[in-house]
Amino acid sequence: LRHEIRTAGYRVVVIPNTYIHHLPPDRLFRLLRQFVRNGRQSALCTVRYPQWVIELTEQHGDEVPEKRSMLQRIGRATGRLAGALLSGRFIWFATTMAYQIGFTLEYARLSIGKKE
């Protein structure tokens with residue numbers, strides 16, 4: 001949405017001292033299930049609607065990168081997994097792994113369906 005607003009010539013304004021967030025599920029299993037779902041939806045968008053795939057920045061205010069190849073995306077995901085594991089952030093590792101599992105399964109399912 002932010003990308004489309006900027007493409008249309010408008011600006012995104014951040015209001016000071018205002019917080020908008022989505023609280024995570026209250027149980028680990030639900031959190032992991034949400035990340036699997038998010039990964040699956042990302043794969044769906046990647047395969048069926050590639051024009052809607054928008055790269056994200058690592059931090060607010062960073063320049064939005066150009067579209068990355070699948071190989072670049074795999075490398076970035078692998079780096080994130082390694083970073084989470086090596087830094088001892090096991091919840092981050094688990095959620096990132098759940099996302100990647102969801103993405104991989106759905107991407108494979110959709111790719112096989114395209115060939116038939």
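Tutor: A residue is buried under 20% relative accessible area, exposed over 50%, and partly exposed in between (1.4 Å probe, protein chains only). This is a predicted model, where local features need pLDDT of at least 70, side-chain atom pairs count only at pLDDT 80 or more, and totals for chains, interfaces and linings use all residues. Residues are numbered from 1 along each chain as its sequence is written, and side-chain values use heavy atoms, without hydrogens and water.

Student: Why is Tyr10 called exposed?

Tutor: Its relative accessibility is 59%. The cut-off is over 50%, so Tyr10 counts as exposed.

Student: How do you know that Tyr10 lies in a loop?

Tutor: Look at the helices on either side, α1 (2-7) and α2 (28-48). Helices are DSSP runs of H or I with at least four residues, strands are E runs of at least two, and both are numbered from the N terminus. Tyr10 sits in the loop between α1 and α2. Asn17 lies in that loop between α1 and α2 too.

Student: What makes Asn17 stand out in its phi angle?

Tutor: Phi of Asn17 is near 60°. That is a positive value in a residue other than glycine. Asn17 also counts as exposed, because its relative accessibility is 75%.

Student: What makes Arg30 and Asp26 a salt bridge?

Tutor: The closest N and O atoms are 2.9 Å apart. A salt bridge needs a side-chain nitrogen of Lys or Arg within 4 Å of a carboxyl oxygen of Asp or Glu, so the pair qualifies. Asp26 is exposed because it has 55% relative accessibility. Arg30 is partly exposed at 42%. Asp26, Arg27 and Arg30 are linked in a network of salt bridges. The structure holds four salt bridges.

Student: How do you know that Arg40 forms a salt bridge with Glu106?

Tutor: Their closest N and O atoms are 2.5 Å apart. Arg40 is in helix α2 and Glu106 in helix α4 (residues 90-115), so the pair ties together parts that are 66 residues apart in sequence.

Student: What makes Arg109 another partner of Glu106?

Tutor: Arg109 forms a salt bridge with Glu106, the closest N and O atoms being 2.7 Å apart. Both lie in helix α4, three residues apart, which is about one turn of the helix.

Student: Why is Glu106 called buried?

Tutor: Glu106 has a relative accessibility of 6%. Buried means under 20%, so Glu106 counts as buried. Arg40, at 37%, is partly exposed. Arg109 is partly exposed as well, at 49%.

Student: Which residues does Glu106 touch?

Tutor: Arg40, Ala43 and Leu44, leaving out residues up to four places away in sequence. Contact means heavy atoms within 4.5 Å.

Student: Leu81 is in helix α3 (residues 70-86). Why is Leu81 called buried?

Tutor: Its relative accessibility is 15%, so Leu81 falls under the 20% limit. Leu81 touches Phe93, Thr96, Met97 and Gln100, again leaving out residues up to four places away in sequence.

Student: What makes Leu1, Ile5, Tyr10 and Val12 a patch?

Tutor: Patch residues have over 30% relative accessible area and no salt bridge; nonpolar side chains (Val, Leu, Ile, Met, Phe, Trp, Tyr) are joined within 5 Å, like charges within 9 Å. Leu1, Ile5, Tyr10 and Val12 form such a nonpolar patch on the surface. Together they have about 430 Å² of accessible area, found by the Shrake-Rupley method with a 1.4 Å probe, where for residues only the protein chains shown count as cover.
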